[in-house]
Amino acid sequence: MLVIGITSRALFDLDFSHKIFKKNGLEPYRKFQISNENIPLQPGRAFPLVKKLLSLNKKITGQRSVEVILLSKNSSDTGLRIFNSIEHHNLDIKRAVFCSGGSPHAYAKSFGAHLFLSTESSDCKSAIKSGIASARIFPSSAPLSEDKKLKVAFDGDSVIFSEESQFIYDNHGIKAFEKNEKNLAKLPLTGGPFKSFLFELHKLQKKFPPSDCPIKIALVTARSAPTHERVIRTLRDWDIRIDECLFLGGLKKDNFLKVFDADIFFDDQIENCSSACTYVPTGHVISISP
């Protein structure tokens, strides 16, 4: 089963009530949420993604293949509005943790989560350190995708793959990077923080015939020839199918992501996230390197 942990602020639009908390403190926030607990919250940044993920359970007969777990800094008292909103929006979410101000990421591992989504950088960094793919959901003005397929796009280095090649590029330049990748073209790259999540998505893909699969995966990377070969051979070695591979050679990714119509795009470079979030929902994969 693919298990996703998500915070309440990533799932629902809690910006207004969060401002109350920041300006006036916990007690006014608590009173506001209780007095409005029967008024459903509006969808947040990751809501469409969650809805599409949960819809896969209806397409795979005989078993539940996706579970979403709410991991919230709210108390159970203030969290009642969130549960009421889950029911209002007909989301099949049954499990939840309310930490009363504490960081909920610690419970993601206990639930066996393959992905943790939050709006807080510190939570995401801690989750990645514990071995869970995690991303900070960027504010986005992107229109909702009307495509019924779940479309997930990944950057390559430092996301699907480890930071080893990115380190060479950052410290020694493009020529050293290209030379290294050409020399090691037949040696598979080491997996990065999102390899396990990609693998679980691919397992779901295999439950469907390729001609009628509701999940589409894209690799959108700044790499180009001659550094493409190592990527292709790595994915072949992992036995993972990528539907679309875009080797952009340093071109901006946002227009290509718009064409792909991604429900979520994961990238470690904050400038790529800042431009992509105008067109598609975007998750920043935070580096844990010193």
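Start with strands β4 (residues 115-118) and β5, which pair in the parallel sense over 4 bridges. Strands here are DSSP E runs of at least two residues, helices are H or I runs of at least four residues, and both are numbered from the N terminus. Two strands pair if DSSP finds at least two bridges between them.

This is a predicted model, in which local features need pLDDT of at least 70 and side-chain atom pairs count only at pLDDT 80 or more, while totals for chains, interfaces and linings use all residues. Residues are numbered from 1 along each chain as its sequence is written, and side-chain values use heavy atoms, with hydrogens and water left out.

**Stop 1: β4 and β5**

Select S118 and R136. R136, in β5, is the bridge partner of S118. Follow the chain from β4 to β5. The path goes through helix α7 (residues 121-129), and this β-α-β crossover is right-handed. To check the hand, point the strands away from you: right-handed means that the path from the first strand over the helix to the second runs clockwise.

A135 in β5 is the bridge partner of L117.

Colour β5 (residues 133-137) by burial. Buried means under 20% relative accessible area, exposed over 50%, and partly exposed in between, with a 1.4 Å probe and protein chains only. In β5, 5 of the 5 residues are buried, so the strand is largely enclosed by the rest of the structure. A133, A135 and I137 cover one side, with S134 and R136 on the other. β4 is covered on both faces too: L115 and L117 are buried on one side, F116 and S118 on the other.

**Stop 2: the other partners**

Which strand pairs with β4 in the parallel sense over 3 bridges? Select β1 (residues 2-6). Its I6 stands opposite L117 in β4.

Next, show β10 (residues 282-284). It runs antiparallel to β5, and 2 bridges join them. G283 in β10 is the bridge partner of I137.

**Stop 3**

Go to D123 in helix α7. D123 counts as buried because its relative accessible area is 3%. Show its contacts, meaning heavy atoms within 4.5 Å. Leaving aside neighbours within four places in sequence, D123 is in contact with K73, S103, P104, H105, F116 and S118.

Then select S72, in strand β2 (residues 66-72). S72 is buried, at a relative accessible area of 0%. Not counting residues up to four places away in sequence, S72 touches S8, I82, V97, F98, C99 and P104. Draw a line from S72 to I232, C-alpha to C-alpha: the two are 39 Å apart in space and 160 residues apart in sequence.

**Stop 4: the nonpolar cores**

A nonpolar core is a set of buried Ala, Val, Leu, Ile, Met, Phe, Trp, Tyr and Cys residues joined through side-chain atoms within 4.5 Å. The largest has 54 residues; L11, L117, F154, F194, F197, L201 and F266 touch the most other members. Helix α4 (residues 47-59) gives the most to this core, with 6 residues. Another core, of 11 residues, lies apart from it and includes A153, L246, F260 and A262.

Centre on F197. Beyond its neighbours within four places in sequence, F197 is in contact with L2, I4, H114, L115, A133, V152, F154 and F266.

Move to α4. Its 13 residues reach 19 Å from first C-alpha to last, close to the 18 Å expected at 1.5 Å a residue. That expected span is 1.5 Å times one less than the number of residues. F47, L49, V50, K52, L53, L54, L56 and N57 are buried in α4.

**Stop 5: cysteines**

How many disulfides are there? With a disulfide taken as a pair of cysteine sulfur atoms within 2.5 Å, the count comes to 0. C124 is in no disulfide, and the nearest cysteine sulfur, that of C273, is 11 Å away. C273 is in no disulfide either; the nearest cysteine sulfur, that of C277, is 7.9 Å away. C124 is buried at 0% relative accessible area, and C273 is buried at 0%.

**Stop 6: backbone details in loops**

Select A225 and P226. The peptide bond from A225 to P226 is cis, with omega near 10°. P226 sits in the loop between β7 (215-221) and α11 (228-238).

Next is N90, in the loop between α5 (76-88) and β3 (96-98). Its phi is near 60°, a positive value in a residue other than glycine. Is N90 buried or exposed? N90 counts as exposed, at 63% relative accessibility.

End at S158, in the loop between β6 (150-154) and α8 (164-172). Phi of S158 is near 75°, a positive value in a residue other than glycine. S158 counts as buried, at 7% relative accessibility.
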